[in-house]
Structure formats: C-alpha cells, structure tokens
Amino acid sequence: MSNTNNIQEEWTEMVEEINNAVADSMEQNMKAQAAFVESWADAVEDTIPEQDDLADGMDGYNRAYEEWMDAAEQMVERSTDAAQGEDVDPAEFRDIWLQSANEAFKHVMGTSAFAAANGQLVESMMEMQQEADDLSQDTLEQLGFPTRNDVDEIAERLIELERRQHAVEQKLDRVLEHLEE
C-alpha cells in the first residue's frame with residue numbers, strides 16, 4: 001500500500017511540476033507578447049499610416065497572434081501527453097515558444113506598416129545626427145577652431161589654385177615651345 005502511495009505522490013509531483021512549467025512558460029510568453037506589442041506600438045505611435053499600411057500591419061499582427069495561439073495549443077497537447085505518461089523533454093516547450101516567436105516576428109516585421117515605422121525611425125535618427133553635427137560645428141566655431149565649412153572652403157580654394165597653376169604651366173609650355181622654334 002505504501003508503494004502505491006509513493007507512486008501516486010510522485011505522479012502528483014510530476015504533474016505539478018509540468019503544470020508549473022507550463023504556467024511559467026505561458027506567463028513568459030504573455031510578457032514577451034506584451035513587450036513586443038508595446039515596442040511595436042512605440043515605434044509607430046507618432047505615425048499616421050496609410051489605410052493600406054494599417055491594414056497590412058493589423059494583418060501581420062493577426063498572423064502573429066495565430067502563431068502564438070498555435071503554440072499555446074501545442075503546449076496543451078504536449079502537457080496532456082506528459083500527463084498521460086509520455087516522456088516529454090522540457091526543452092520541447094521552450095522550442096515551441098521560440099519557434100512561434102520567430103514566426104510571429106517575421107509576420108509583423110514583414111509588413112509595410114513596420115517598414116514605414118522603421119523608415120520614420122531612421123529619418124528621425126538622421127535628423128538627430130544632423131542636429132548633433134550642427135551643434136558640434138557651432139561649438140568648434142565658438143572655440144575658434146576651424147569648422148567643416150572652413151575646411152571645405154579651403155579645399156575649394158586649393159583646387160581652384162591647382163587648376164590655375166595647371167593652366168599657367170600649359171601656357172608657359174606653349175611659350176617655351178614657341179621660343180624654341
């Protein structure tokens with residue numbers, strides 16, 4: 001009788017561990033989904049996408065959601081298999097979520113809405129870079145150092161001087177040739 005109790009206790013512990021693993025996995029997935037959606041929303045919050053881009057973005061998000069729901073179904077199936085005595089490697093649960101996350105991200109990142117948001121992000125970053133460059137040029141000027149504009153102006157003058165020198169050398173060569181004749 002004691003042996004039956006031990007088996008029952010071990011079974012109960014194993015099912016509890018599996019339930020805890022599934023619950024932890026689901027919680028991590030929900031956190032990852034929330035973080036992803038929040039990140040995605042932050043990326044597009046300042047944009048008013050075209051209707052087609054918006055529809056494409058929502059379609060991508062819906063496909064991503066379907067991927068996560070499929071993963072949840074797989075998790076339930078594998079948990080049931082484990083509860084029925086099948087040997088299920090815990091790494092399999094991780095792999096299900098990793099694969100679904102990769103597929104979901106592909107669905108969202110392949111949309112025109114995502115591309116538009118990234119384009120706007122790059123544009124904003126370039127504007128910030130230009131502002132930082134302008135600020136550094138102003139600082140150099142205030143400190144009395146030559147700025148990029150000063151160096152560009154000197155380079156243009158140097159090129160013009162070289163062009164003139166070349167022209168003078170060609171004229172001088174023609175004069176010398178003429179004198180030698």
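Helices (H or I, at least four residues) and strands (E, at least two) are DSSP runs, numbered from the N terminus. The model here is predicted: local features need pLDDT of at least 70, side-chain atom pairs count only at pLDDT 80 or more, and totals for chains, interfaces and linings use all residues. Residues are numbered from 1 along each chain as its sequence is written, and side-chain values use heavy atoms, with hydrogens and water left out.

**Exercise 1. Find the helix that holds Gln 137, and decide whether Gln 137 is buried or exposed.**

Step 1: Look along helix H4, residues 112-142; that's where Gln 137 lies.

Step 2: Grab the cut-offs: buried means under 20% relative accessible area, exposed over 50%, and partly exposed in between (1.4 Å probe, protein chains only).

Step 3: Gln 137 has 16% relative accessibility, so it counts as buried.

Step 4: Now for its neighbours. Leaving aside residues up to four places away in sequence, Gln 137 touches Thr 147, Arg 148 and Asn 149; contact means heavy atoms within 4.5 Å.

**Exercise 2. Check the span of H4.**

Step 1: The expected span of a helix is 1.5 Å times one less than its number of residues.

Step 2: With 31 residues, H4 should span 45 Å.

Step 3: The end C-alpha atoms of H4 are 45 Å apart, which agrees.

**Exercise 3. Work out which helices the salt bridge between Asp 133 and Arg 148 links.**

Step 1: Start with the rule: a salt bridge is a side-chain nitrogen of Lys or Arg within 4 Å of a carboxyl oxygen of Asp or Glu.

Step 2: Asp 133 and Arg 148 pass, at 2.7 Å from N to O.

Step 3: Asp 133 sits in helix H4 and Arg 148 in helix H5, 15 residues apart, so the pair links distant parts of the chain.

Step 4: Both ends are partly exposed: Asp 133 has a relative accessible area of 21%, and Arg 148 has 43%.

**Exercise 4. Describe how Glu 103 and Lys 106 are placed in helix H3.**

Step 1: These two form a salt bridge, with the closest N and O atoms 3.0 Å apart.

Step 2: Glu 103 and Lys 106 are three residues apart in helix H3, so about one helical turn separates them.

Step 3: An α-helix has 3.6 residues a turn, so residues three or four places apart point the same way.

Step 4: Glu 103 is partly exposed at 26% relative accessibility, while Lys 106 is exposed at 54%.
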